[in-house]
Protein chains: 2
Amino acid sequence: MSEDTPQRGFVAQEFENRLARLQQGMRAQDIDLAFFTTEAEIRYFTGFFTQFWQSPTRPWFLLAPQSGNPVAVIPEIGAECMRRAGVKDIRAWDSPAADDHGLELLCETIVELAGEGASIGLPKGRETALRMPLADFEALTLRLPGARFPDITALLLRLRMVKSAAEVEKIAHACLSAGRAFDRAPEAIHAGMSEREAFQAFKILCLEEGVDDVSYLVGGAGRGGYRDIISPPSARRLTVGDVLMFDTGCVWDGYFCDFDRNFAVRDVAQDVHDAHAKLWEATEAGLEAAKPGACCADLFHAMAALLPGAGSAGVGRMGHGLGMQLTEFPSITASDPTVLQPGMVMTLEPSLGLGDGRMLVHEENLLVREDGPILLTRRAPQRMPVIG
Amino acid sequence: MSEDTPQRGFVAQEFENRLARLQQGMRAQDIDLAFFTTEAEIRYFTGFFTQFWQSPTRPWFLLAPQSGNPVAVIPEIGAECMRRAGVKDIRAWDSPAADDHGLELLCETIVELAGEGASIGLPKGRETALRMPLADFEALTLRLPGARFPDITALLLRLRMVKSAAEVEKIAHACLSAGRAFDRAPEAIHAGMSEREAFQAFKILCLEEGVDDVSYLVGGAGRGGYRDIISPPSARRLTVGDVLMFDTGCVWDGYFCDFDRNFAVRDVAQDVHDAHAKLWEATEAGLEAAKPGACCADLFHAMAALLPGAGSAGVGRMGHGLGMQLTEFPSITASDPTVLQPGMVMTLEPSLGLGDGRMLVHEENLLVREDGPILLTRRAPQRMPVIG
């Protein structure tokens, strides 16, 4: 590993800051208790970090009062990991239990922290979900008939949207590591390999270059463009004239990069080179526009102006926030009014339909700073690199 | 890849069977329409397969009427992938949109398929969650005041619990591929490496041996045992006297293995070897008990009888179902009454507290058949292999 590998984890101050900002927002909205159930939310406020969330068996709860420390109400199997994260108040139950999935303990803890008629804020809006059995949530509302459950999505998105310096370092490290894997792609991938073989080879390159996980790798290959950018790789062999695209969400210390690169398999038609150049130019325009005070729609229109037929590729946006999740709020759409602020990390992701269902995409990751954006990815070459 | 790599995907009949069994259960419960929102549910009934679910931006909906074909109500970006999966009736909306996250289209489609006063079944119980903004679900119930939303968790778990031959093949292939990576661990992992370096080396071995993704790799190392089995790897260096454990959920064609292996770093104390032998024997007893007609609690007690102090390791169960998700219903607990049936794929996962917070775990994967269980994993050696 190179000397400039960032520190893993966060200093305690990071979580104190996040909590303080949350509690400030809660006071402004008269929320007594914030209630979180998902991986990203609980990790954001505690540092509790595990892949164990992939198991759907157990619910996990975090309660943050308007002042004071957060309280974790979690299955016993996670108590040690939560203690290591620095959470002081942990209420654990034996799970899986025959009937009760922590609901009893959750109710008791809510009443202890905020009384029976509390205002319990939880994220209920866009980009969110409730990760617990719906029947248990319904039971919770019945057991606490005086409680209210207002939506705190806007508050949560506003907090998470602006990254700390330590968060940016992690994203940047994921970007640079995956970037080295892209540099090495031509040494490992060749015409004649199946898409699946090419994907496996690329995943190994990413791990060799120091990412923790290749959590997301989609892409496509096809003569003069691809038709779908979210399907798994197929058995189809890479053929001269194909464009091969990898779109990767590699993770380092719990933070994602999300960018793609296109490769020409030996030689592609001139219209494809032209389309790639157009996307590259559109990305330049997006980058130019990504200044504090601009809104997401401004970025969209800056890129769309260079892309006749923009939107025809069905992607629905030209970039998004990035951080603990592969995609985060906000979205770069024609109407999104979210104003860019220093500390926001965004992807620029213009796409272009080429007719006939074929498409091309291009993506970079950037940080918004006071004095303008900087790229976290090393800029893609204007002309597609060649795979032999 | 070896000649016995199974076919990828499924024949259309597989999805017809799943749907027919669902619809049979819906008729028995008087459910007009089944409503699904999660990756596993939608893939189970359609074959729609993508890592794109990692993006929380967009909700996805599948509606299955009591008879006839399912209808997908999804963002435009997934339409091509859903078409390839063979779904005929796709209603797509441009997403992300400024206000509406598909709710309008969802409501219309529900009313078209089942009327305004329908009984709309959805999974609301253990192991489930609703993957859509809660506020949108609340709005849905208000827009359809005559509709009811009964819980169909039991039906869904009953269906998914019993695997088809094609599903078993995929799980078995993941097990064997990861097994070869475990065989090769001593060639790549040595005392003096950090836990992180050991994890990276093992992930690369898994990919080289043919798994599609190392979606889950947790574990631990420590002198004479480990203290936590869900945390990410640390910077701590493997030291003579450590036990190193990898617990891996590798994925092949969308299906998981989930098993672990322990390694002695050069030499471990005799009490650790003894504990490993006890876990191995307990697994034998669980395997012996895993016959059709036995219930999960029988398996638990068969293993617990050989493990004094069982449960002290805080894991909460000694195995679980396995398939499209790392862990699936049912759980092997002291009280789970679920009866084993041919076609169920289970893990056996006894654990043992060694005092002082140290623990050891051991795990195998099996298929229940008419004439008894067979292992899908190649049985772990009774004595821990050594890492040099």
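Which side chains meet in a salt bridge at 2.8 Å, N to O, with Glu39(A) as one partner? The other partner is Arg43(A). The model is a predicted one, and a search of the whole structure finds 55 salt bridges over all chains. Chain B and chain A are in contact through 69 residues of chain B and 69 residues of chain A.

**Interface of chain B and chain A**

- The size of an interface is often given as the accessible area lost when the parts come together.
- Between chain B and chain A the buried area is about 5,500 Å², and carbon and sulfur atoms give 56% of that area.
- On the chain B side, the residues that lose the most area to chain A are Lys124(B), Leu134(B) and Ile230(B), which together account for 12% of what that side buries.
- The rule finds 26 residue pairs in polar contact across this interface, both residues being at pLDDT 80 or more.
- Four elements of chain B each supply at least two residues of the side that touches chain A: helix H3 (79–84), helix H5 (134–143), helix H8 (195–208) and strand S6 (213–223).
- Sorted by class, that side of chain B has 30 nonpolar, 20 polar and 19 charged residues.
- Six salt bridges are found across the interface of chain B and chain A.
- Arg84(B) forms a salt bridge with Asp228(A), and the closest N and O atoms of this pair are 3.9 Å apart.

**Relation of the two copies**

- The same surface serves both copies, since 100% of the contact residues of chain B recur in chain A.

**Salt bridges within the chains**

- Side chains of opposite charge can pair when their charged atoms come close.
- Glu39(A) and Arg43(A) both belong to helix H2 (residues 39–46) of chain A, where they lie four residues apart, about one turn of the helix.
- Arg43(A) counts as buried because its relative accessibility is 8%.
- Arg379(A) and Glu364(A) also meet through their side chains in a salt bridge, at 2.8 Å from N to O.
- This pair links distant parts of the chain, 15 residues apart: Arg379(A) is in the loop between strand S16 (372–375) and strand S17 (386–387) of chain A, and Glu364(A) is in strand S15 (residues 364–369) of chain A.
- Glu364(A) has 0% relative accessibility, so this residue counts as buried.
- In chain B, the side chains of Arg369(B) and Asp371(B) form a salt bridge at 3.7 Å, N to O.
- Arg369(B) is partly exposed, with a relative accessible area of 35%, while Asp371(B) is exposed, with 65%.
- A network of salt bridges links Arg180(A), Arg184(A), Glu187(A), Glu208(A) and Glu209(A).

**A buried residue of chain B**

- Asn365(B) is placed in strand S15 (residues 364–369) of chain B.
- With a relative accessibility of 0%, Asn365(B) counts as buried.
- Neighbours within four places in sequence aside, the contacts of Asn365(B) include Cys175(B), Cys257(B), Asp258(B), Phe259(B), Leu322(B) and Met346(B).
- Thr347(B), Ile374(B), Leu375(B), Leu376(B) and Thr377(B) are also among the residues in contact with Asn365(B).

How values were computed
Residues are numbered from 1 along each chain as its sequence is written. Chains are lettered from A and ligands numbered from 1 in the order in which they are written. This is a predicted model: local features need pLDDT of at least 70, side-chain atom pairs count only at pLDDT 80 or more; totals for chains, interfaces and linings use all residues. Side-chain values use heavy atoms; hydrogens and water are left out. Contact means heavy atoms within 4.5 Å. Buried area is the accessible area (1.4 Å probe) that two parts lose on being put together, summed over both. A salt bridge is a side-chain nitrogen of Lys or Arg within 4 Å of a carboxyl oxygen of Asp or Glu. A polar contact is a pair of N or O atoms within 3.5 Å; within protein, one must be able to donate a hydrogen and the other to accept it, and residues adjacent in sequence count only if both atoms are side-chain atoms. Ala, Val, Leu, Ile, Met, Phe, Trp, Tyr, Cys and Pro count as nonpolar, Asp, Glu, Lys and Arg as charged, and the others, Gly among them, as polar. Buried means under 20% relative accessible area, exposed over 50%, partly exposed in between (1.4 Å probe, protein chains only).
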